[in-house]
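Reader: Hi! I'm new to this one. Could you walk me through it?
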Amino acid sequence: METEAKATVPRRPLRQRLGAAGGRVLDWLLPPLCLACRNPVGDHGALCPACWSRVAFISAPVCDRLGTPLPFDLGPGALSPAAIANPPVFDRARAAFRFDDVGRALVHALKYGDRLEIAAPLAGWMARAGRDVLSDADAFVPVPLHWTRLVGRRFNQSAELTRHLAALTGIANEPLVLQRVRRTAHQVGLTRAQRAENVTGAFRIAEDRKGWVRGKRLVLVDDVYTTGATIEACARVLRRAGAARVDVLTGARVVDGPFAVHI
């Protein structure tokens, strides 16, 4: 009697099967929720369709210096009126999205809500937005917190972002280069001039890193760019220490206007 050969299906390794089972249990205990609105989604670290559709991602064309959106493509070197009227200390700035609606919810949840799971996907969006400033960068430098604020918050959101950015890009992470030596008042509610005065003299290069900074192409990282007072204060310190280039990469940024001119 002829026997029919049975097709064999290779089984996945035990580790993979256990990992998949563990993932299902974790999803049952901690179901994936939208990073912004906390409604259920299909995967961890994702936005729901409604929130995704409302994220104001910043894409080309942008001001070459400030990274703000331009109304149309004017070619390489296009500058906004703000960049021409008040050139920044840093070389170029880029941000993943505008600081409005969903963008604000994401930044505040990371910064004030201890939602560290937001750092990894946010770093991914930042890496895409900052491709041109990351192409030949030597290191990421996060905007530091004063030690008293770090004790209270337990983590520096900017350093969390540089940690994930370094893992994604292979660029070095230098979280101890900059120090905040003076505790400053919260910037929220201050005018542009008050913000600049608030952070004057608040930052310095760590003594053991002063020689290292010279000649380096650095990317200064923060969660949000508002008036730029904090970023400018940090960039100025890095410039004075001899950095060859200081670019800026943030998760979000406040955008004031759409217009630009070309020079």
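Reader: Over residues 258–263, where pLDDT stays under 50, how many contacts beyond four places in sequence does the model have?
Author: The model has 27 there, a contact being heavy atoms within 4.5 Å and pLDDT the predictor's confidence in each residue, from 0 to 100. Where pLDDT is low, the predicted coordinates should not be read in detail. This is a predicted model, where local features need pLDDT of at least 70, side-chain atom pairs count only at pLDDT 80 or more, and totals for chains, interfaces and linings use all residues. Residues are numbered from 1 along each chain as its sequence is written, and side-chain values use heavy atoms, without hydrogens and water.

Reader: And what is the mean pLDDT of the protein chain?
Author: The mean is 86, with 81% of the residues at 70 or more.

Reader: Nice. In what order do the five strands of the open sheet come?
Author: They run β2-β8-β7-β3-β4, with parallel pairing. Strands are DSSP runs (E, at least two residues; helices are H or I, at least four), numbered from the N terminus, and two strands pair if DSSP finds at least two bridges between them.

Reader: Switching topic: is V248 buried or exposed?
Author: V248, in strand β8, is buried, at a relative accessible area of 1%; buried means under 20%, exposed over 50% and partly exposed in between, using a 1.4 Å probe and protein chains only.

Reader: Which residues does V248 touch, beyond four places in sequence?
Author: Among them are F90, L220 and I231.
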